[in-house]
Amino acid sequence: MTNNKTYILGERALVLEIFQTHLSQHQQNKLFALHAWMREQKVFIDIVPAKTTITGYLMHSQDPEYWLDRLREAWENIEPEAFQPTVHQIITRYGKSNGPDLDSVASLTGLSPAQVVELHSQQSYQVKFLGFLPGFAYLGDLNPKLHLPRLDTPRTHVPSGSVAIAQDLTAVYPSESPGGWRLIGHTDTVLFNHQLESPSILQPGDVVKFIPSTEGIC
Amino acid sequence: MLTILKSGIQTCIQDLGRYGFRHLGVSQAGVMDPLAAKSANILLNNSTDSAVIEITVGLCKFKFDHPTNFSLTGADLGAKLNGKSIATGWRYHAEANDILTFASSKSGTRAYFAVQGGFNDVTPVMHSSATDIQAGFGGLSGRALQDGDVLPYTPFNALDSIGAALPDYVDTIRVIPGPHIDLLPKDNQQSLYNQQWQVQPNSNRMGLRVASDIDISHNVSITSQAVSPGVIQLPPNGQPIVLLNDCQTTGGYPIIAHVIEADLRHLGQLHAGVHCQFRAVNRLQAQQALDQQQQHLAQLKIAVLHHDKKNI
């Protein structure tokens, strides 16, 4: 039952790819357990999980085949239970100037703004991977009732701390940037600080829960 | 200290890049031409990963406020010390109030400028002094240098001038074929190798964009995965993007090839309008090319050390 492949990209990047558009929780945790295993080997300078892949960049380009074999073996044998995520709570103010798209999200989904807030905040999300900006964590899976495409015209300035949704994902903008996600709330939690030894609060695999701020929901 | 009198198009502090944080969405940044930057440092007996100034296109002007030795490598951008031409690949001495200027050039794009002992007061961010212009950290306040900026350095007495021949820049880039080439229509799988590609004006430190007359547009999509400098993506419009130092950490276009590490240095020297071509090689050839470069640097290091010992 092979549902994955491994290959060398360029000279020193090893890629493990799972052939599925969407990983099960079992596979997802297995991937994060593999991430931890790869870190322990101390041969990778960078290890980057993505939606259905994990890529390890070898410090030295000698012998990528050997490590590709080891990676394949590790994937076969690794237990998803080996992965224990850190849980974060992010206090969020939803709506109005904090979430300028909350009302349009509500009307497009046929829900009330309060229902959108409830659906968004009642569940936990997992950091599938980070990218786009330093500390920008792709959080899934969003409740299917809230799935909407990105904005037709992206904003040129999305404020830092904006809580946003797009398709089956949600995220918090860690810094001001252009962006096409729909903004439903805002948090004061600083997600990325380049001056810290561990600059990003959210790490791949971490669990996030949004807590509606008691001061003025919607 | 060094005073930036005229900062030019994009002059920034870089080192060999930021590693170990890609999983947090942090780009590599760093010098586009590592061989040139390392050589610049070796000529001054600096550690090879010391921060240097990367000059893009030229059109800038610096003033040395204290005596020091400096080196210049990379493209010949018409550098002059007090109005007198100086050559790339060489180490020179500057006295206090000397003026270093760069014009521009049709043959290359990026030059590297290092001072003996490196620049003080450049605080590493995530273990690197590289300026990440997109994210706004590293280097000097996370931005390109501006007129009036000052960079302190430790003064040094004069060393004699020495030069080093560095391998030429070429426009044939060696690549290893990529994982998604089979997803393209059969007729287009060799297209990357069969023609000249023209560098587009919207190329920058994030990516070198190239185009040709033939149409290899497609509608293949892949799930976004980790990417890094050297990856050649083919977006649906059929115009390849060679990812460079400031590229994002993940990307969702098919990866049709990967530039070998030894040839990354050429990419930063190609400017808009020039043509380049791609040639497929295997991993062993890539390794040999990299070994050769490392040998070159090791020899240069020994030669400089030997020279300076003799002259003390």
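A:Gln167 sits in the loop between β9 and β10 of chain A. Helices (H or I, at least four residues) and strands (E, at least two) are DSSP runs, numbered from the N terminus. The model is predicted: local features need pLDDT of at least 70, side-chain atom pairs count only at pLDDT 80 or more, and totals for chains, interfaces and linings use all residues. Residues are numbered from 1 along each chain as its sequence is written, and chains are lettered from A and ligands numbered from 1 in the order in which they are written.

Strands β9 (residues 162–166) and β10 (residues 169–172) of chain A run antiparallel and are joined by four bridges. Two strands pair if DSSP finds at least two bridges between them. A:Ala164 has A:Ala171 as its bridge partner in β10(A). The two strands form a hairpin with two residues between them. Most residues other than glycine have a negative phi, and most peptide bonds are trans. A:Gln167 is partly exposed, with 14 other C-beta atoms within 10 Å. A residue is buried if 20 or more other C-beta atoms lie within 10 Å of its own, exposed if 12 or fewer, and partly exposed in between; C-beta atoms are placed from the backbone.

B:Met126 lies in the loop between β10 (110–115) and β11 (150–151) of chain B. B:Met126 is buried, with 22 other C-beta atoms within 10 Å. A cis peptide bond links A:Gly140 to A:Asp141, with omega near -5°. A:Asp141 belongs to the loop between β7 (137–140) and β8 (155–158) of chain A.

Helix α1 of chain A covers residues 25–41. Its buried residues include A:Leu31, A:Phe32, A:Leu34 and A:Met38. Among the elements that cover the buried residues of α1(A) are β3 (44–49) and α2 (64–77) of chain A. Just after the helix, A:Lys42 takes a positive phi of about 60°.

Between the chains, 29 residues of chain A are in contact with 30 residues of chain B. Contact requires C-beta atoms, placed from the backbone, within 7 Å. β3(A) gives the most to the side of chain A that touches chain B, with five residues.

In chain B, a closed barrel of seven strands runs β12-β19-β16-β17-β14-β13-β20, with mixed pairing. Within it, β16 (residues 231–233) and β17 (residues 241–243) run antiparallel, joined by two bridges. B:Ile232 has B:Val242 as its bridge partner in β17(B).

Conventions
Expected span 1.5 Å × (residues − 1). Contact = placed C-beta atoms within 7 Å.
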